[in-house]
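Here are a few exercises on charged side chains. Have a look at the model, then work through them one at a time.

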Amino acid sequence: MKKKLPFILECIVGAVLLIAGLVIRVEYYSTLVSAMGVGILTASLTQLAKLCYWTSPKHRTEYEARKQEAHINLVDERKQYLRMRAGHVTYQIMTFGLLVLAFVLALFRAEAWVIAIIFGLFLLQWVIGMVVYRRLEKRI
């Protein structure tokens with residue numbers, strides 16, 4: 001229960017935000033608050049289901065093995081180097097990408113869709129980091 005409590009609290013916060021967004025009718029902000037509530041609620045429920053699945057007696061041995069492997073990978077010097085290198089390469093790629101994006105947005109006098117582009121860049125940065133890490137892991 002100790003591990004599940006933060007996720008339960010996040011579910012409550014997400015539900016409160018969702019209900020508040022549906023009850024309060026202000027054009028832009030009600031949608032924003034509702035979307036935040038849905039996002040928090042979905043992420044928390046997913047993590048809670050994942051935790052319940054892995055801590056069930058049926059999957060406990062596999063869960064313990066995964067935890068042990070994750071701990072070994074966390075303290076392994078080679079893995080630490082690969083994470084550092086992937087972060088460095090990703091940073092360089094995203095810096096160039098953000099400069100190009102700033103130029104393009106200045107040309108188009110961007111408005112609300114800027115938020116979607118910034119979020120897309122966040123996702124792109126994460127994907128590039130994972131791909132670079134996997135390639136470096138195979139090469140080194």
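**Exercise 1.** Does Lys79 count as buried or exposed?

*Solution.* Keep in mind that this is a predicted model. Start with the cut-off: buried means under 20% relative accessible area. Lys79 comes out at 12%, so this lysine counts as buried.

**Exercise 2.** Find the salt-bridge partner of Lys79, and work out which parts of the chain the pair ties together.

*Solution.* Check the side chain of Glu137: it meets Lys79 in a salt bridge, at 2.4 Å from N to O. Lys79 sits in helix 4 (residues 77–108) and Glu137 in helix 5 (residues 113–139), so the bridge links parts 58 residues apart in sequence.

**Exercise 3.** Describe the pair Glu62 and Arg66.

*Solution.* Their side chains meet in a salt bridge at 3.8 Å, N to O. Four residues apart in helix 3 (residues 60–75), they are about one helical turn from each other. Now for accessibility: Glu62 is partly exposed at 39%, and Arg66 is partly exposed at 48%.

**Exercise 4.** How many salt bridges does the count come to?

*Solution.* Apply the cut-off of 4 Å between nitrogen and carboxyl oxygen; the count is three.

Technical notes. Residues numbered from 1 in each chain as written. Predicted model: local features only at pLDDT ≥ 70, side-chain atom pairs only at ≥ 80, totals over all residues. Heavy atoms only, no water. Helix = DSSP H or I, 4+ residues; strand = E, 2+ residues; numbered from the N terminus. Buried < 20%, exposed > 50% of the residue type's maximum accessible area, 1.4 Å probe, protein only.
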